[in-house]
Amino acid sequence: MRENSKCPASLLKLADSIILINNRYSFTHKNNIMTQDEQKRAVAQAAIQHVPFDCIVGVGTGSTANYFIDELARIKHKIRGAVASSEATAHRLRSHDIEVMDLNGVDELPVYVDGTDEITEYLHMIKGGGGALTREKIVAAVAKKFICIADKSKLVNILGKFPLPVEVIPMARSYVAREITRLGGQPSLRHGFITDNGNMILDVHNMQILNPVELEATINQITGVVTNGLFAKRGADVLLLSSDDGVRTIVV
Ligand SMILES: O=C(CO)[C@H](O)[C@H](O)COP(=O)(O)O
């Protein structure tokens, strides 16, 4: 193994061989077995290669996105700053001295990198397990390219095993819950949780999501819904999916 003094200990632990090419580490994995956290780190590292020089980067929320933030910190001198999809993400970016910018002052966002709760081969997703779905959807709407980073457990044939989060204005929660029940779902209030926007989340169980584009629009039309966690009208453009075999790039 060719070791480099700056090579992080975390990488040395999971890698069998490491080479440094153009300032980036390329490695194979010990025994080809990776834990879920190692798979998350691997896609986060792969996503860095999609970040253009001197750009502002859209950054998602969650444990996979956190690995991406930690990787981004290593190239922070090459970017202008970041737009955060949640207060938690903004906090983590700032802890690495990465400037967090107001989306309203940003007219070009070449990439948005975020995790997902479920994703299909058509790159339709359920997001919002961390409750940041609305800001995530806004940043995704502005970004030119949405790069989803996920370990293989997130890939599904049909969306809906993961409860679909719906952000609601608090005074509308009961009305929205009744309307969603009429659509065939079983909504339950995420108790004790308030979003960064001061709203509540209904998690919708047992929803048959055969047409995610249509269902996304239908739920968003219910009065009192801020948005729902289906990312189908604007899904991901690129999926970086990790497994024991490495990171696969899937594009639709
Ligand atoms: O949508 C999200 C947060 O609102 C996250 O992207 C999603 O929950 C995946 O999180 P993790 O990477 O921790 O599995």
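I began with strands β9 (residues 164–168) and β11 (residues 200–205), which pair in the antiparallel sense over 5 bridges. The model I am reading is a predicted one. For Pro 165 I looked up the bridge partner and found Asp 203 in β11.

I then placed this pair in its sheet. The sheet is open, holds 4 strands in the order β10-β11-β9-β12, and is paired antiparallel. I noted β10 (186–189) and β12 (225–228) as the edge strands, each pairing on one side only. From one strand to the next, the twist averages 30°.

Next I checked which helices pack on this sheet. Helix α5 (residues 133–142) touches β9 and β12, and its direction makes about 70° with that of β12. Helix α6 (residues 173–182) touches β9, β10, β11 and β12; its direction makes about 15° with that of β11.

I turned to the other sheet. Its 6 strands form an open sheet with mixed pairing, in the order β4-β3-β5-β8-β14-β15. I recorded β4 (81–84) and β15 (246–251) as its edge strands, each with pairing on one side only. Direction ignored, neighbouring strands here are turned by 25° against each other on average.

Within this order I examined β8 (residues 145–151) and β14 (residues 238–243), which pair in the parallel sense over 5 bridges. Ala 150 stands opposite Leu 241 in β14.

Last, I listed helices packing on this sheet. Helix α2 (residues 36–48) touches β5 (111–114), β8, β14 and β15, with its direction at about 155° to that of β8. Helix α4 (residues 87–95) touches β3 (56–59) and β4, and its direction makes about 160° with that of β4.

Technical notes:
Residues are numbered from 1 along each chain as its sequence is written. This is a predicted model: local features need pLDDT of at least 70, side-chain atom pairs count only at pLDDT 80 or more; totals for chains, interfaces and linings use all residues. Two strands pair if DSSP finds at least two bridges between them. Helices (H or I, at least four residues) and strands (E, at least two) are DSSP runs, numbered from the N terminus. Axes are lines fitted to C-alpha atoms, for helices over the stretch in contact, and angles run from 0 to 180 degrees between N-to-C directions. Two residues are in contact if their C-beta atoms, placed from the backbone, lie within 7 Å.
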